[in-house]
Amino acid sequence: MSLLAVEDIHTYYDQSHVLQGVSLHVRQGQVVSLLGRNGAGKSTTLCSIMGIVPPRSGDILFNNFSIARQAPYRIARHGIAYVPETRAIFSSLTVLENLTLALRHAQQQDVWNLDSIFRLFPRLRERRGHGGAQLSGGEQQMLSIARALMLNPRMLVLDEPTEGLAPVVIEEIANVLQTLKQEGMTMLLVEQNYPFATALADQLYVLGKGVIRWQGDAAALAQASQIKHTWLGV
Ligand SMILES: Nc1ncnc2c1ncn2[C@@H]1O[C@H](COP(=O)(O)OP(=O)(O)OP(=O)(O)O)[C@@H](O)[C@H]1O
Ligand SMILES: [Mg+2]
């Protein structure tokens, strides 16, 4: 059974028909990656799931409950935490303030608290007094993921966490997501970084021009040269 089921969604920006019948499934504990070129509709798919750009037709079920066309804050309350492409942190607040702001919504007994977050991100502990704007791109990305975890979500939705980061920082993010995966966190990961996505994902979807073009595991995608060439440019 799927924790998240996206069923044939059609999403528009005004007259522009961007998602043309997208379906995808994420099971409990699975890491699913959505790959595709610039403008394929990856972020729009996540925005549809999060209620930011609701689909005009189709359905989205989370834990068997329809969340399509619900308000974003209600969708978040169902336990889906979103790490957007823009890294949602407050640049005028310190690392600690960014984290405790998210903590306000959490319960005492939850798995993710300042202690466990700082164990996962030692660099954030070191920088806890620094302002958001003083952080490197990688540290901002880590803070953005940390804030999402502070909500103790059932599922994490990440939009291109490696974008614009140096290889050594990408490696750090990969290790963090690998740890979360081992601890059973369900994740939907949008990526353009092919090696990063295939190393993490149990299941991959290739999106091209608003349509799912391919679906399978990393081993199968490695063999699918035509798909990679046409829709991923790798
Ligand atoms: N706010 C918007 N208004 C109008 N069109 C938009 C808007 N956001 C995205 N689009 C268009 O929708 C299509 C899909 O964009 P989307 O951002 O979902 O792609 P993407 O796969 O995330 O690309 P990238 O890899 O560059 O982030 C593109 O043609 C884009 O120009
Ligand atoms: Mg995008």
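Helices (H or I, at least four residues) and strands (E, at least two) are DSSP runs that are numbered from the N terminus. Counted in this way, the chain has 10 helices and 10 strands. Its radius of gyration, taken over C-alpha atoms, is 17 Å, close to the 17 Å that the globule rule (2.2 Å times the number of residues to the power 0.38) gives for 234 residues, so the chain is as compact as a globular protein of that length. This is a predicted model, in which local features need pLDDT of at least 70 and side-chain atom pairs count only at pLDDT 80 or more, while totals for chains, interfaces and linings use all residues. Residues are numbered from 1 along each chain as its sequence is written, and chains are lettered from A and ligands numbered from 1 in the order in which they are written.

**The chain as a whole**
- Along its principal axes, the C-alpha trace of the chain spans about 45 × 35 × 35 Å.
- Of the 234 residues, 40% count as buried, a residue being buried if 20 or more other C-beta atoms, placed from the backbone, lie within 10 Å of its own, exposed if 12 or fewer do, and partly exposed in between.
- Residues 24 or more positions apart account for 66% of the contacts with a separation of 6 or more, where a contact requires that the C-beta atoms of two residues, placed from the backbone, lie within 7 Å.

**The sheet**
- An open sheet of 6 strands runs in the order S6-S7-S8-S3-S9-S10 with mixed pairing, two strands being paired if DSSP finds at least two bridges between them.
- The edge strands of this sheet are S6 (80-83) and S10 (211-216), each of which pairs on one side only.
- Neighbouring strands of the sheet are turned by 15 degrees against each other on average, direction ignored, with axes that are lines fitted to C-alpha atoms, for helices over the stretch in contact, and angles that run from 0 to 180 degrees between N-to-C directions.
- Helix H10 (residues 225-232) packs on the sheet, where it touches S3, S9 (203-208) and S10, and its direction makes about 45 degrees with that of S9.
- Strand S3 (residues 31-35) pairs with strand S8 (residues 186-191) in the parallel sense over 5 bridges, and serine 33 stands opposite leucine 189 in S8.
- Strand S6 pairs in the parallel sense with S7 (residues 155-159) over 4 bridges, and the bridge partner of valine 83 in S7 is leucine 158.
- From S6, Ile80 and Tyr82 point one way and Ala81 and Val83 the other way, and all are buried.

**Around ligand 1**
- The residues around ligand 1, each with its C-beta atom, placed from the backbone, within 6 Å of it, include Tyr13, Asn38, Lys42 and Gln192.
- Strand S2 (16-27) and helix H1 (42-49) each supply at least two residues of this shell, and H1 gives the most, with 3 residues.

**Residues in loops**
- Arginine 69 lies in the loop between strand S5 (65-66) and helix H2 (72-77), and its phi is near 70 degrees, a positive value in a residue other than glycine.
- With 13 C-beta neighbours inside 10 Å, arginine 69 counts as partly exposed.
- Arginine 87, in the loop between S6 and helix H3 (95-103), has a phi near 60 degrees, also positive, and counts as buried with 21 C-beta neighbours inside 10 Å.
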